Amino acid sequence: MSTVLLKDVTKVWPDGTIAVNHVSLDVEDGEFLVLLGPSGCGKSTILRMIAGLEDPSEGDILLNGDPVLELAPRDRSIAMVFQDFALYPHMTVNDNIGFPLRLSGMETNNRLEKVGDVASALGIGDVLGRKPSQLSGGQRQRVAMGRAIVRRPGLFLMDEPLSNLDSGLRAELRAEITGLTRELGVTTMYVTHDQAEALTMADRVAIMRKGVLQDVGTPTEVYGRPATLYVAAFLGAPRMNLLEASVYVHLDQYVTLNLGEQALYLPWNDIRARAVAHYHGERIVVGMRAEALTPVAPDVPGDVLRGRIRYLEHHGHESLAYLDIGATAIVVDEMGTGKPDPEPGGAFRRFGSTLQKLTGRGSGATATVQPPEERVSVLDPGRHHRRPAELAVRLAPYPAVSPGHPLSIAVRMDMLHFFDERGDRIDVGWR
Ligand SMILES: Nc1ncnc2c1ncn2[C@@H]1O[C@H](COP(=O)(O)OP(=O)(O)OP(=O)(O)O)[C@@H](O)[C@H]1O
Ligand SMILES: [Mg+2]
């Protein structure tokens with residue numbers, strides 16, 4: 001049993017690389033927390049600091065409420081499983097799993113019983129006599145997990161443990177890992193760059209970008225109310241459609257979201273209209289997931305976007321149509337790669353501090369969303385992160401349409417997301 005608390009932790013490598021930038025994070029006892037983010041965002045560095053393999057440059061780490069920075073790794077009651085786990089090739093499965101127990105001086109009978117329990121829980125009870133070279137990749141990964149868990153650690157740290165396995169095996173082991181850790185009640189921090197893995201496994205997901213914690217919450221919270229444009233774009237498949245919109249307010253009636261050749265109208269009685277209305281005469285980003293978009297007959301009135309199919313993707317259980325709707329898309333992959341904002345006191349910053357307060361999370365999560373050092377406007381023309389929008393819409397499997405075909409799409413206005421020019425969520429701050 002363990003709780004983990006990271007207090008304003010920063011890691012700067014000797015070459016000046018800021019791997020972890022003022023991260024505060026709280027993991028509850030028995031919780032399965034997934035650290036999610038692209039390659040190089042600092043996930044492994046966080047785990048290694050908790051395990052005691054690296055020291056933070058600043059900040060504090062507490063396990064069960066006690067500072068641990070002075071404690072050696074072996075005194076932290078932590079087990080860690082890596083992507084490139086190493087088994088002892090000359091030892092049997094039995095000896096590999098039992099190795100930590102032998103080191104701790106446990107007598108043989110006791111040890112065999114414990115190894116047997118763990119091996120059968122992991123479904124490898126029948127290969128205990130084999131050597132690693134006689135096992136499949138999945139079996140080897142289970143042995144590595146068995147070796148980590150046999151000591152009954154208080155905290156389980158897993159760094160992309162499934163990334164070397166094929167997708168079928170990954171799915172199977174995902175369920176096994178969450179099942180096993182929940183059964184044992186062991187607090188787990190699990191690192192992955194796979195958003196589907198994070199959403200399916202986690203009690204809560206912490207999303208990182210370039211060393212900065214972007215958002216923390218249950219899968220429903222971070223998917224349903226992403227704190228930043230980056231989180232919105234990172235979670236979900238197909239990706240959220242992110243369109244540039246100019247805002248025009250018709251007081252007490254509606255807010256026009258001008259998307260280029262077409263517009264949507266946010267009714268004044270939608271509580272979000274007041275927040276969006278602050279941006280009158282400015283540009284914002286409107287996010288729509290595929291589930292907010294439904295193909296309808298051409299003459300259906302209401303909140304409808306019209307376009308032509310540019311191309312189709314067939315996924316078996318569904319098809320995706322990508323529509324040309326005469327709008328501009330914001331490409332988030334390239335966010336932050338441009339020059340720093342040339343106008344730090346620019347108009348859109350008026351609401352920055354308010355928004356920061358408003359986007360703070362409730363629900364017990366104690367994440368601090370830190371502004372990265374250089375914030376760039378994602379809407380600035382001339383940068384390479386705008387392009388003609390291809391609106392992703394879900395269709396039935398193998399629909400009787402083809403590229404060039406016109407489609408009308410009803411938009412669920414209550415399911416739209418709004419982000420300001422810096423990529424922060426525009427909202428009224430409740431959850
Ligand atoms: N020993 C080191 N010296 C200098 N820089 C390092 C060192 N280890 C990691 N880094 C840098 O720190 C940053 C974070 O690395 P880290 O390994 O934590 O990323 P990650 O999120 O685990 O990525 P991946 O998904 O690729 O494993 C990267 O920019 C990396 O190049
Ligand atoms: Mg890593």
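Which helix gives the most to the shell around ligand 1? Helix α1, spanning residues 43-51, does so with three residues, helices here being DSSP runs of H or I with at least four residues and strands runs of E with at least two, numbered from the N terminus. This is a predicted model, in which local features need pLDDT of at least 70 and side-chain atom pairs count only at pLDDT 80 or more, while totals for chains, interfaces and linings use all residues. Residues are numbered from 1 along each chain as its sequence is written, ligands are numbered from 1 in the order in which they are written, and side-chain values use heavy atoms, with hydrogens and water left out.

**Ligand 1**

- Around ligand 1 there are 13 residues, of which S39, G40, K43, S44 and T45 come nearest; a residue is near a molecule if one of its heavy atoms lies within 4 Å of it.
- By class, this shell holds four nonpolar, six polar and three charged residues, where Ala, Val, Leu, Ile, Met, Phe, Trp, Tyr, Cys and Pro count as nonpolar, Asp, Glu, Lys and Arg as charged, and the others, Gly among them, as polar.
- Oxygen atoms of ligand 1 lie 2.7 Å from a backbone N or O atom of G40, 3.2 Å from a backbone N or O atom of C41, and 2.5 Å from a polar side-chain atom of T45.
- Of the 640 Å² of accessible area that ligand 1 has on its own, the protein covers 61%, with areas taken from the Shrake-Rupley method with a 1.4 Å probe.

**Largest pocket**

- The largest pocket contains about 590 Å³ of space; on a 1 Å grid over the protein atoms alone, a pocket is an open set of points where a 1.4 Å probe fits, with protein on both sides within 12 Å along at least five of seven lines.
- Its lining, meaning residues with an atom within 4 Å of a point, comprises 21 residues, and I78, A79, M80, P100 and R151 are the closest to the centre.
- Strand β6 (78-81), α2 (93-103) and α4 (137-149) each supply at least two lining residues, and the largest share, four residues, comes from β6.
- The lining of the largest pocket has 16 nonpolar, two polar and three charged residues.

**S319 in strand β17**

- S319, which lies in strand β17 (residues 319-330), is buried, with a relative accessible area of 0%, where buried means under 20%.
- A polar atom of the S319 side chain lies 3.4 Å from the backbone oxygen of A396, and a polar atom of that side chain lies 3.0 Å from the backbone nitrogen of Y398.

Methods. Points joined across faces, edges and corners; volume = space filled by probe spheres on them. Polar contact = N/O pair within 3.5 Å; in protein donor to acceptor, adjacent residues only side chain to side chain. Buried < 20%, exposed > 50% of the residue type's maximum accessible area, 1.4 Å probe, protein only.
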